[in-house]
Amino acid sequence: MHLTKRFKGLPACLAILLCIAFQPIASGQVPATPAWAKETAAAKEKRMQWWTNDRFGMFIHWGLYALPARHEWVQNRERITPQDYKKYFDNFNPDLYDPKQWAKEAKAAGMKYVVLTSKHHEGFCLWDSKYTDYKVTNTPYGKDLLKDFVDAFRAEGLKIGFYYSLIDWHHPDFEMDGSHPPTPVDKAERAKANETRDMKKYQEYMKNQVTELLTKFGKIDQLFFDFSYNGKQYKEWDSENLLKLVRKLQPDVIVNDRLGFPVEAGWGWDYKTPEQFMPKEWVKVGGQKVPWETCQTFSGSWGYYRDEYSWKSPEQLIVMLIETVSKGGNLLLNVGPTARGNFDERASDRLAAMGKWMHFNSRAIYGCTEAPDTYQRPANTMLTFNPTTKRLYIHVMQWPFKTLLLEGYKDLIKYAQILEDASEVKFSTNTRSGGHTTETSGANDVMLHLPVRKPNSAIPVIELILN
Ligand code: GLC
């Protein structure tokens, strides 16, 4: 009753939907912050400092689904039975797997951290877990994949993150629901099938596996749990104890927000994860700006998808990175390696193009964030700002003709240059009057004088060294 009141005034169907979505977080069910989870805002900021600074990471989705090459949810979408799905396990043999090459490409693209699917929803594990047979070491490939992966990325100086799926379509104790592949559709039949499934045992399994992931591969910097939904929230996963274990094993690890803790609880996550979605502004919770990272794909699917043709252009991806940082967020950009174990050409080309841009312009990304309100955003641009060096970056989406008007910037700028070649950009005030001009710039405005020819960068950046 109190739930429907909460959404009074909304159309009935919307109110009902919201009620369903909010059901598990009704007041009275909010778990209080346990003592072990208490942390000051300053301590959290310090723990997350590298991540906030680095801004750009690589997501990697790799598993058996690389073989069908038709989306990582293929087992569910096509209702494939475990017996039929087994052919992918029996043929998993990525002979071209070379994590050093992956790490090189990630680094060259300007990425500073990586998050790999250690286990996705299909339940297949990329490491030699003691707790399952459904793992890489039992496929024709026969070797653990994670160890070499971690070593290769660390050697290139990238921070290491693991994705771990809470959902598991293979585990015999994971309670079936609508998202499970050939689950009985009939509810009564499903309930019957679930009689032998024991989520308590599955919770134990997850804790055992997470323990392996956090004890066998050295320092783990980030964990991405995936995901909670109506019907499976923090209680079903035993998220409180899972997170307690994580914090015990790796106190500094940064953890995402998909363990299903109610948002009102105010604990249980470090950052928000808008997925394949660009927020209109800095993500807020309870009116407060919070750390956030958008995870994005090249083409829509996370796993390798041979016949998907909706690939974003390099320029779109660069703009996506800039836009994310201009709103105070991080970008986790996904690659889905093939079943041979390589990045396909479409992915490598895009990574290279981003790397080309980053080579000259990364100063406008690392350590940067949303610009303070003092700096008005000129037409066709996005702004990023480095609060430590006090430099403002104007990312010019559409190169203008000769001038760029900066309204209200008088006395704010010490020096201006095009970032890619550090060539001076002259600026002046009151330059629009006279001749055939039709307007006069305001007394507080500044005019940047730009070359007519657009600089080489896909998106050129003007660096303002501020007073
Ligand atoms: C979703 C999907 C999954 C993907 C993830 C990435 O939760 O289920 O396939 O791994 O998003 O954030």
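This is a predicted model: local features need pLDDT of at least 70, side-chain atom pairs count only at pLDDT 80 or more; totals for chains, interfaces and linings use all residues.
Let me begin with Phe-162, which has 0% relative accessibility and therefore counts as buried, a word that here stands for under 20% relative accessible area, computed with a 1.4 Å probe on protein chains only, with exposed meaning over 50% and partly exposed in between. Residues are numbered from 1 along each chain as its sequence is written, and side-chain values use heavy atoms, with hydrogens and water left out.

Now to the aromatic rings. The structure holds 33 aromatic pairs, where rings of Phe, Tyr and Trp (its six-membered ring) pair if their centres lie within 6.5 Å, and planes under 30 degrees apart count as stacked, over 60 as edge-to-face and the rest as tilted. One of them joins Phe-59 and Phe-224, a tilted pair with 5.0 Å centre to centre and 45 degrees between the planes. Phe-59 belongs to strand S1 (residues 56-60) and Phe-224 to strand S4 (residues 222-226), so that this pair links distant parts of the chain, 165 residues apart; strands (E, at least two residues) and helices (H or I, at least four) are DSSP runs numbered from the N terminus. Both Phe-59 and Phe-224 are buried.

Returning to Phe-162, its ring and that of Phe-217 have centres 5.7 Å apart and planes at 80 degrees, so this pair is edge-to-face. Phe-217, with a relative accessible area of 6%, is buried.

What is Cys-295 in contact with, leaving aside its neighbours within four places in sequence? Among the residues in contact with Cys-295 are Phe-59, Phe-224 and Glu-275, contact meaning heavy atoms within 4.5 Å. Cys-295 lies in strand S8 (residues 293-296), and at 1% relative accessibility Cys-295 counts as buried.

Glu-275 brings us to the ligand, because an N or O atom in the side chain of Glu-275 is 2.8 Å from an oxygen atom of the ligand, within the limit for a polar contact, which is a pair of N or O atoms within 3.5 Å; within protein, one must be able to donate a hydrogen and the other to accept it, and residues adjacent in sequence count only if both atoms are side-chain atoms. A polar side-chain atom of His-121 lies 2.9 Å from an oxygen atom of the ligand, and for Tyr-163 the corresponding distance is 3.3 Å.
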